[in-house]
Amino acid sequence: MELLGDVSFLDALETVTDITPFEFPSTDLPPAGIDHVHGPRPYRSRKNRPCDFCRARKAACKITVAPPCTLCSSYGKECTFNNQTKRKRSVVQVVEEAPKRRHNDDNVSHSLSPLSNSDSPSWSMTRESTQRRTSRAHTDLHRAPLLEPASDRSTKDYVARRPEISFALHPTKSLNWVGDSGEADPWLCRRYEYGAEGHCVLSRIMYQRVVPDAASPKRLGFNEEYEEPPLVFMLPDDALAAKGEPRVEDSAIEDARKEVMDLVPEDVGVHMLKLFFRFVYPYFPVLSREDMLSGRDLETVLRSLPLSLLSAIYATALPFMLYDDYLATAVVHSAPSAVQLYRICWTAICQEMHSPRLATLQACLLVLQRPPTNRFIMDTPWRWSCTAWTVSLANIMGLCKSSAGWSGMPAWEKRLRGRLWWATYCMDKWSLLGAGMPSHIDDDNFDVPEPTLDQTSTTNHVDALSSEQHSHDSRAVPAHFYHLVTLTTTLSDIVQAFYSIRATSQTARNMGLSLERAKPLRARLRDWREASRVYIASTGLSDLTRNDSQSPEASTYTTLKEVDHDSMETLDGNASLRLAYIIAVMTLYRALLRAMENTAEEHHTDANSAGRIAVLAGAKECAKEAVEFAEDLRNRGSAGVWDAFWHSWSRANFALATSFLMRVLVNVNASQSSSRDEDLLEVKALIARWRRVLRLMSGNVGNGMTSLALLRLEGDILQESALLRQQ
């Protein structure tokens, strides 16, 4: 079909020079001040009424066999039926009409009422049903006049109301961000009639309009003219997802929660939660100190957590039990099973995916940080599939959108949303780097600004909770996490410049282009090293990290036990950060060595030849730094470096270092430099040192981190003659 004669539709767009803005025709709606007739509500049984907790939250009360119900079980509440039902007098509101019409309706209603002698009750019920449908239609029409111009509800008036917004704590509604290309068009949703609280309810789905502050911080790379598109969220009721499949029976989830309570009683759970905030939070801050620890009873906090997050916290904190006086003596002989906790966590995650919360994403991130189940393989494809699932979940809940300027949202929730996005970002980039697969996050599809360094975290003996509560910077994060995020953004650019399918085809055989792309990236890595030097220092790190793993208790000691308790809490949690920096540098040099190997030296100019020499020298220095780092870890193993928190991708990073050392050996062997033989002996000596330190570390508590790297190295050494054979 052709439009506009011989001109196609797309060509017609090119010919348009003056476009008149389209305006919707006006719609005559009833005046807002006039109410409509409401029929009686549908019959509801008084026998099976909801419990007090579900009634207060207007949630569906689901009881499988006997109380407690599902909601009370998930929140640890007592399922009671004490509150009496308040009877309300039904009020009939009549629309003002002509007296004659109202008189006729009264006569008809009287003659056909159930009290009359009429023998047609079925017609009466039909009339009531029709009346209810008409009433609901008028009500919905009043709630969402879709064709009303958006200018009538100005953004200025909406911001002046400052509705309270909290997506993290709603007990019966999940969260879905309305994307720009979805079936729910945000440019249409912005025209809905939102109430005083900023809500609009249609078909049991609450629409929440958010208008960010124009002066809110934006991500680097977004120009000043960047205009925020309409920001709308859908909050569907959980009951709408009750039939979502696949899922397990609700009774299975209830049994699983009881099992967790048997594995970790509440008094033990309180200690586990404290361990998490002492040893995990400074390096992976996916929980909120302010929300969970600010004056609340910790047992109540644990009862309010969804099953997925509760079991994930317990499983993550389990390796640190020896650093708690009570757990080290009372529970260590019958410690909970980490495998069972992770299995329960995953079962709960699959159930919650139909109506996800922020807690669901937090649980996914903690599951991805779990230690390996088989130390001699990289992992099963489940890990990378779960990584993609986690990224998708973050996008569904709109974490890719900056919440820094959202008025009405609690400050702790805005900070948490930002940290969760960057935790997802780091998990995606590093996990998929080791797997050799492309990232699921496109830098063009998020506008969350980069975090800032929490200056209070660089001072010793600081109460981290107090600093979070009084921080005026919604983007401030702990020092380790800040430097990890900045390093990860550089790593992402390295992968994009050299390792995408398009970039590989452009740079794999082009030494000049590879050198040109590498220069600014190498400068960024050098600047990062200078900014984070104190956190990646090879010696004395245990004294510098006291602020990260410090207990919130007071630092005045009266007994030997208290002094010993504080000294035991100092763990080196920044070792994985230094390893990550080394791997980022290796990733850059690995791309340059690839170009060197695939191009002959005689085809290069003098400038490129000098660049080849510099690349080979830099690669040898990087390999040397990795070996010295591993030897330093071995020497400081007794200081608790292996007991500290390690990011799960660190395992793959050790294996990446092994592959890089062998790549350097291959490139040195193929070079035509006059110092080739000396360089070859130097690299072989580095490989021997690397092999030795991996063997030593694989024989103690570090085996879970380095066994894969050692296995990779032993396999490459067996293939040495093939690797060094000239192609």
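**Labels and the values behind them**

Author: Lys 620 has a relative accessibility of 13% and counts as buried; please keep in mind throughout that the model is predicted.

Reader: Why is Lys 620 called buried?

Author: The label buried applies under 20% relative accessible area, and because Lys 620 stands at 13%, it is called buried.

Reader: What makes Lys 620 and Asp 679 a salt bridge?

Author: The rule asks for a side-chain nitrogen of Lys or Arg within 4 Å of a carboxyl oxygen of Asp or Glu, and the side chains of Asp 679 and Lys 620 meet at 2.8 Å, N to O, so the pair qualifies as a salt bridge. The two residues belong to distant parts of the chain, with Asp 679 in helix 27 (residues 676–698) and Lys 620 in helix 25 (residues 606–635), 59 residues apart. Asp 679 is buried as well, because its relative accessible area is 11%.

Reader: How do you know that Arg 204 and Asp 237 form a salt bridge?

Author: Their closest N and O atoms are 3.7 Å apart, and the cut-off is within 4 Å, so the pair is counted. Arg 204 lies in the loop between strand 2 (199–202) and strand 3 (205–210), while Asp 237 lies in the loop between strand 4 (231–236) and helix 8 (250–263), 33 residues apart. Both residues also belong to a network of salt bridges that includes Lys 173, and by this rule the count comes to 18 salt bridges.

Reader: Why is Arg 204 called partly exposed, and why is Asp 237 called buried?

Author: Partly exposed covers what falls between buried, under 20%, and exposed, over 50%; Arg 204, at 48%, is therefore partly exposed, whereas Asp 237, at 16%, is therefore buried. Arg 533 is likewise called partly exposed because its value is 40%, and Arg 533 forms a salt bridge with Glu 530, with 2.7 Å between the closest N and O atoms.

Reader: What makes the crossing of helix 24 and helix 26 left-handed?

Author: A crossing is left-handed if the near helix is turned anticlockwise from the far one by less than a right angle. Helix 24 (residues 575–598) and helix 26 (residues 650–670) pack at an angle of about 35°, with their axes 9 Å apart, and helix 24 passes helix 26 in a left-handed crossing. The residues of this contact divide into 13 nonpolar, four polar and four charged.

How values were computed:
Residues are numbered from 1 along each chain as its sequence is written. This is a predicted model: local features need pLDDT of at least 70, side-chain atom pairs count only at pLDDT 80 or more; totals for chains, interfaces and linings use all residues. Side-chain values use heavy atoms; hydrogens and water are left out. Axes are lines fitted to C-alpha atoms, for helices over the stretch in contact, and angles run from 0 to 180 degrees between N-to-C directions. Helices (H or I, at least four residues) and strands (E, at least two) are DSSP runs, numbered from the N terminus. Ala, Val, Leu, Ile, Met, Phe, Trp, Tyr, Cys and Pro count as nonpolar, Asp, Glu, Lys and Arg as charged, and the others, Gly among them, as polar. Buried means under 20% relative accessible area, exposed over 50%, partly exposed in between (1.4 Å probe, protein chains only).
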